[in-house]
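The sequence and the structure come next.

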Amino acid sequence: MASTLKIQPSWQGSLSHKAFGNEMSIGRKYPEKSQIGFGDPFALDVIRIATSNVSRRLGEVAQVVPLSDYSMSNRQNHTLCVASYSGYVSGTLGLNDNLTRAIALGHDLGQPAFAHAGESFLSLALERQGRGKFAHEGFGVIVAIEIASLNLTFEVADGIFGHSGKGNGPKDLSNEARVVRIVDNIANLFEDIESLSRDGISDASIRKSVKRFGSNVVCQIVNTLNAFIQESIACEEISFERSEWATDFHGLRNMAYDKLYSKVDEKRDYVPKYLGKCIEIVAEHKVFRGCDPIAVVAQLTDREAKKIA
C-alpha cells in the first residue's frame, strides 16, 4: 500500500453528472412560515443546523473517550471534521456540496450522553419495555424535525437517517449521503485510535497497522480520503469497498472493534448507573409528565446526566 496518495487534477468533477440537483428536492415536512431569501434549500439547512442549540449540545457529548479535558474529541468536534472531510470529497467529485455539508453537520444530532455507550444502554432500556432498539440516526431525524423544529429538507433527513453502518450504504441513498456515511467511518476510526491512545488504550498490532496509512493522523485521513475518491472515480459510483486501501481500512476497523472498543466498554461501566438514574428521575418528576423518559434522557449531555444522577 502506498505511503502517500495525492489528489490528481484530472479527478476534479469526475462524478458531477451524478450530483443531486437542488431542483430535485421534494421539499420539507412542514410549510415554511416565513420567506427566507435562499434559492438553495440545502444551504439553508446548513445554516439552520450550524446555528441550532442541538448542534451546540454535541460539544458536551463524548466521542469515544470521557471528556476529561480539551484534548479529548467530542461529538461537535467530530461533526465538524466529518463536514470538512465530506466537503473535500464532495467538492473534488463535483457533487452537491451544500447537501453533503448539511447531512454531515446533522448526522450525529441524535447521539445521546456518553455516545455509543449511552446508545447501547438506551437500546437495552427500550428492549426491556418491548419497544425495539434506540438508534441515534433515527433519533437524530426526530430531534432535527420535531424537537428542534429545524424543518430540514427530506433529502438531508434521509441522509441523517442513512449515515450509520458498514459499507457504501443502500442504493437509494443520494451520492452525497453515501459520501457522509463512508467519511464518518474514516473519521471515526483514525480519530478514535488517536484519542484512545491518549487515554492509555492501545494495541501493538493496531499501532503497527495504522502506520501503513500514514505517519500521523492527518496523513492517515488525507490518504484514505484520496483512496476513497480514487476508487469512486474508477467505479463511477460512490464506493470504498473494492480497492486494496479499502480492504486494509476495513480490516483495521474490524481489528479496532476487537481490540480497542471492547476495552472502552469496560471503562464505561458507570453509564448504566447515570442514565438509569436519570430515567427514574424523569419518570417520576411532574415537569415531565406525559413525556417519554427515555426520549428526554437521550437529549442530555454527559455533564447534565452526571449532574442529574
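## Arginine 198 and its partner

Arginine 198 has a relative accessible area of 42% and is therefore partly exposed. The model is a predicted one. The side chain of arginine 198 meets that of glutamate 194 in a salt bridge, at 3.4 Å from N to O. Glutamate 194 is also partly exposed, with a relative accessibility of 34%. Both residues belong to helix 8 (residues 175-198), where a spacing of 4 residues puts about one helical turn between them.

Glycine 200 lies in the loop between helix 8 and helix 9 (204-210). Glycine 200 counts as exposed, because its relative accessibility is 63% and the cut-off for that class is over 50%. From glycine 200 to valine 218 the C-alpha to C-alpha distance is 20 Å, for a sequence separation of 18 residues.

## Other salt bridges

The count of salt bridges in the model is 11. Side chains of opposite charge can pair when their charged atoms come close. One of the pairs joins aspartate 97 to arginine 101, with 2.8 Å between the closest N and O atoms. These two residues sit in helix 4 (residues 97-106) and are 4 residues apart, about one turn of the helix. Aspartate 97 is partly exposed at 26% relative accessible area, and arginine 101 is partly exposed at 29%.

A salt bridge with an N to O distance of 2.3 Å is formed by the side chains of aspartate 292 and arginine 131. This pair links distant parts of the chain, the two residues being 161 residues apart. Aspartate 292 is in the loop between helix 12 (271-284) and helix 13 (293-297), while arginine 131 is in the loop between helix 5 (115-128) and helix 6 (136-147). Aspartate 292 has a relative accessible area of 27% and is partly exposed; arginine 131 is partly exposed at 40%. Elsewhere, a network of salt bridges links Lys171, Glu237 and Arg242.

## Cavities

The whole structure contains 2 cavities of 30 Å³ or more. The largest cavity has a volume of about 40 Å³. Its lining consists of Gly167, Asn168, Ile182, Asn185, Ile186, Phe240, Phe249 and His250.

Which elements each supply at least two residues of that lining? They are helix 8 and helix 11 (244-267). Helix 8 gives the largest share of the lining, 3 residues. By class, the lining of the largest cavity has 4 nonpolar and 4 polar residues, and no charged ones.

## The largest pocket

The volume of the largest pocket is about 640 Å³. Its lining is made up of 31 residues, and those nearest the centre of the pocket are Arg75, His116, Glu119, Tyr257 and Tyr261. Two or more lining residues come from each of helix 3 (75-93), helix 5, helix 6, helix 8 and helix 11.

Sorted by class, the lining of the largest pocket has 13 polar, 10 charged and 8 nonpolar residues. The lining of the largest cavity, in contrast, has no charged residues.

## Nonpolar surface patch

Ile36, Phe38 and Ile47 make a nonpolar surface patch of about 250 Å². Isoleucine 47 is placed in helix 1 (residues 41-50). With a relative accessible area of 40%, isoleucine 47 is partly exposed; this value meets the patch condition, because members must have over 30% relative accessible area.

## Positive phi angles

Most residues other than glycine have a negative phi. Asparagine 151 has a positive phi, near 50 degrees. Asparagine 151 is in the loop between helix 6 and helix 7 (154-161). Is asparagine 151 buried or exposed? The residue is buried, because its relative accessible area is 7% and the limit for that class is under 20%.

Glutamate 236 also has a positive phi, near 60 degrees. Glutamate 236 is found in the loop between helix 10 (217-235) and helix 11. At 55% relative accessibility, glutamate 236 is exposed, whereas asparagine 151 is buried.

Methods: Residues numbered from 1 in each chain as written. Predicted model: local features only at pLDDT ≥ 70, side-chain atom pairs only at ≥ 80, totals over all residues. Heavy atoms only, no water. Salt bridge = Lys/Arg side-chain N within 4 Å of Asp/Glu carboxyl O. Buried < 20%, exposed > 50% of the residue type's maximum accessible area, 1.4 Å probe, protein only. 1 Å grid on protein atoms, 1.4 Å probe; cavity = no way out; pocket = protein on both sides within 12 Å on 5 of 7 lines; lining within 4 Å. Points joined across faces, edges and corners; volume = space filled by probe spheres on them. Nonpolar A, V, L, I, M, F, W, Y, C, P; charged D, E, K, R; others polar. Patch = residues over 30% accessible without salt bridge, like charges linked within 9 Å, V, L, I, M, F, W, Y side chains within 5 Å. Areas by Shrake-Rupley, 256 points an atom, 1.4 Å probe, with all protein chains shown as cover.
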